[in-house]
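Biologist: Please take me through the metal site in this model. I would like one close look, with the residues named and their places in the fold.

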Amino acid sequence: MKKRSQQLTGDGRLPGDLDAAEMIDRIIRVDHAGEYGAVRIYEGQLAVLKDPDVLETVEHMKSQEEVHRQKFEDLIRQRRVRPTVLTPLWHIAGFALGAGTALLGREAAMACTEAVEEVIDEHYQQQLDQLGDDEIELKKVIETFRAEEIEHRDIARADGAANAPGYELLTTAVKSGSRLAIWLSSRI
Ligand SMILES: [Fe+2]
Ligand SMILES: [Fe+2]
């Protein structure tokens, strides 16, 4: 095992700290991408759904996603994090996912929301486990947003997500896509 004390960098940080900085970059980059994509999913659903009470529900979730996205846009600027190069892809893919599932019906739109939010819930929890006490503010942001994602998941469940046609196949596909998007957006 290498002696860490001999590896101090120019500014006095240990190599492990550099990894921590990279970890924070990745967290902010991927969360920004995810919240950006979430707004686009709900915009896609709103473009298709017609029932006034479902529109109201989706508008409510979208308005919370807009707050989430704005916060990570601020963090990207404040902490000089490079955003993912994939933003234009999530612009299109998010909208297509929202509109596409809504075309299958209200329940399919809700199944999409349930699947995405389940993945985000897990993902935010993993980040909370990774972050140390020196990142209390960021942790608070993630905790608050995670609670709202769980609320979205529960709204989708209460609104009949499980009755969607091809529920198992649909939610499995949406979860795989969401995990791939997370993997890519944290890295590129
Ligand atoms: Fe969100
Ligand atoms: Fe959400």
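Modeller: The model is predicted. Start with the iron ion (ligand 1). Its donors are Glu35 (OE), Glu35 (OE), Glu65 (OE), His68 (ND1) and Glu149 (OE). The distances run from 1.9 to 2.7 Å. Along the sequence, the donor residues of this iron ion (ligand 1) follow the spacing E-x29-E-x2-H-x80-E.

The iron ion (ligand 2) sits 3.7 Å from the iron ion (ligand 1). Glu65 coordinates both. Glu65 is in helix 2 (residues 52–78), while Glu149 is in helix 5 (residues 136–158). The pair therefore ties together parts that are 84 residues apart in sequence.

Are these two glutamates buried or exposed? Glu65 has a relative accessible area of 0%, so it is buried. Glu149 has a relative accessible area of 2%, so Glu149 is buried as well.

Next, the helix pair. Helix 3 (residues 87–103) packs with helix 6 (residues 167–187) at an angle of about 170°. Their axes are 13 Å apart. Helix 3 and helix 6 are therefore roughly antiparallel to each other. From helix 3, the contact uses Trp90, Leu97 and Thr101. From helix 6 come Leu170, Val174, Ala181, Leu184 and Ser185. By type, the residues of this contact of helix 3 with helix 6 are 6 nonpolar and 2 polar, with no charged ones.

Key
Residues are numbered from 1 along each chain as its sequence is written. Chains are lettered from A and ligands numbered from 1 in the order in which they are written. This is a predicted model: local features need pLDDT of at least 70, side-chain atom pairs count only at pLDDT 80 or more; totals for chains, interfaces and linings use all residues. Side-chain values use heavy atoms; hydrogens and water are left out. Donors are N, O and S atoms within 2.8 Å of the metal (3.2 Å for Na, K and Ca); water is not among the atoms, so sites may look incomplete. Helices (H or I, at least four residues) and strands (E, at least two) are DSSP runs, numbered from the N terminus. Buried means under 20% relative accessible area, exposed over 50%, partly exposed in between (1.4 Å probe, protein chains only). Axes are lines fitted to C-alpha atoms, for helices over the stretch in contact, and angles run from 0 to 180 degrees between N-to-C directions. Angles under 35 degrees count as roughly parallel, over 145 as roughly antiparallel, 65 to 115 as roughly perpendicular and the rest as oblique. Contact means heavy atoms within 4.5 Å. Ala, Val, Leu, Ile, Met, Phe, Trp, Tyr, Cys and Pro count as nonpolar, Asp, Glu, Lys and Arg as charged, and the others, Gly among them, as polar.
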